[in-house]
Structure formats: structure tokens, C-alpha cells
Amino acid sequence: QVQLVESGGGVVQPGGSLRLACAASGSILSIFDMGWYRQAPGLQRELVATITNGGSANYADSVKGRFTISRDNAKFTVDLQMNSLKPEDTAVYYCNADTLSPWGRRRDYWGQGTQVTVSS
């Protein structure tokens, strides 16, 4: 089994910054893509940013230039630095990891989610 634990959510004023962190643990040999997704009330979960194990990042158009995703392959962690936050960034943010177990099983895992609220 694999667990993803997120941290760093909270309440921030428009224009402020937050940094989300996610750590994966358990039966992991390696991790392919890692990413952050978000879900606002009444809306579907959407991609925020993903990063390959080679460091190539992909961002939603709505966060380009404001958010930066990074990862540490040795520690199985992925972070999301969020700057210039807007009220429309308010959502529950979920960490995702595409993992490979020591037994060769590939499986996708999700964290429990962390709330980000941008409000004055």
C-alpha cells in the first residue's frame, strides 16, 4: 500500500502565497508522474500541475506564471508553490502519484486533500 500525505493548505488573502507539500510512503519502487489537482464546490476535479520523474512540468493555463511544481525523487515528495493567489484558486487540493511497487505493480494514488481558501 501507498499513502500520500498533504500539508500546507490554509487561508490567505488575494495576492498572497502558499506552499503545498505532499509526501508518498509505503511500497514504492519508483514514481512516474506526480501532480496536483483541485476541486472547488460544485465543480469537477481539475488538473493544476504535473511533473515527470525527469522534471518536466505541465500547468493548467489558469495557474501558469503563478504556480511552480517541484519534486524530490529520492524522497518521493512533490511541492506546489502558489503565488499571486486569487479567490478563484479556492478549492481542495489533491496530490496524485503514479507509482510502481517493488513487485512491478503500477497504480495511481491520491492524497486526502488539503483546503486552500483565498479570501479577504
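Here are some friendly notes on the disulfide and the salt bridges of this model.

1. A word on the basis. This is a predicted model, in which local features need pLDDT of at least 70 and side-chain atom pairs count only at pLDDT 80 or more, while totals for chains, interfaces and linings use all residues. Residues are numbered from 1 along each chain as its sequence is written, and side-chain values use heavy atoms, with hydrogens and water left out.

2. Let us start with the cysteines. The count comes to 1 disulfide, a disulfide being a pair of cysteine sulfur atoms within 2.5 Å. The partners are Cys-22 and Cys-95, with their sulfur atoms 2.1 Å apart. Cys-22 sits in strand S3 (residues 18-26) and Cys-95 in strand S9 (residues 91-100), so the bond ties together parts that are 73 residues apart in sequence. Strands here are DSSP runs (E, at least two residues), numbered from the N terminus.

3. The angle about the S-S bond is -80°, and the link of Cys-22 and Cys-95 is left-handed. Both Cys-22 and Cys-95 are buried; buried means under 20% relative accessible area, exposed over 50%, and partly exposed in between (1.4 Å probe, protein chains only).

4. Now for the charged pairs. The whole structure holds 6 salt bridges, each defined as a side-chain nitrogen of Lys or Arg within 4 Å of a carboxyl oxygen of Asp or Glu. One of them joins Asp-79 to Arg-19, with the closest N and O atoms 3.3 Å apart. Because Asp-79 lies in strand S8 (residues 77-82) and Arg-19 in strand S3, this pair ties together parts that are 60 residues apart in sequence. Asp-79 is buried at 19% relative accessible area, whereas Arg-19 is partly exposed at 43%.

5. Please also look at Asp-89 and Arg-66. They form a salt bridge whose closest N and O atoms are 2.8 Å apart. Asp-89 belongs to the loop between S8 and S9, and Arg-66 to the loop between strand S6 (57-59) and strand S7 (67-72); the pair links distant parts of the chain, 23 residues apart. Asp-89 and Arg-66 are both buried.

6. Which residues join Arg-66 and Asp-89 in a network of salt bridges? Arg-38 and Glu-46 do, and the four are linked in that network.

7. One last pair for your attention. Asp-98 and Arg-106 meet through their side chains in a salt bridge, at 2.6 Å from N to O. Asp-98 is buried, with a relative accessible area of 14%.

Conventions
Helix = DSSP H or I, 4+ residues; strand = E, 2+ residues; numbered from the N terminus.
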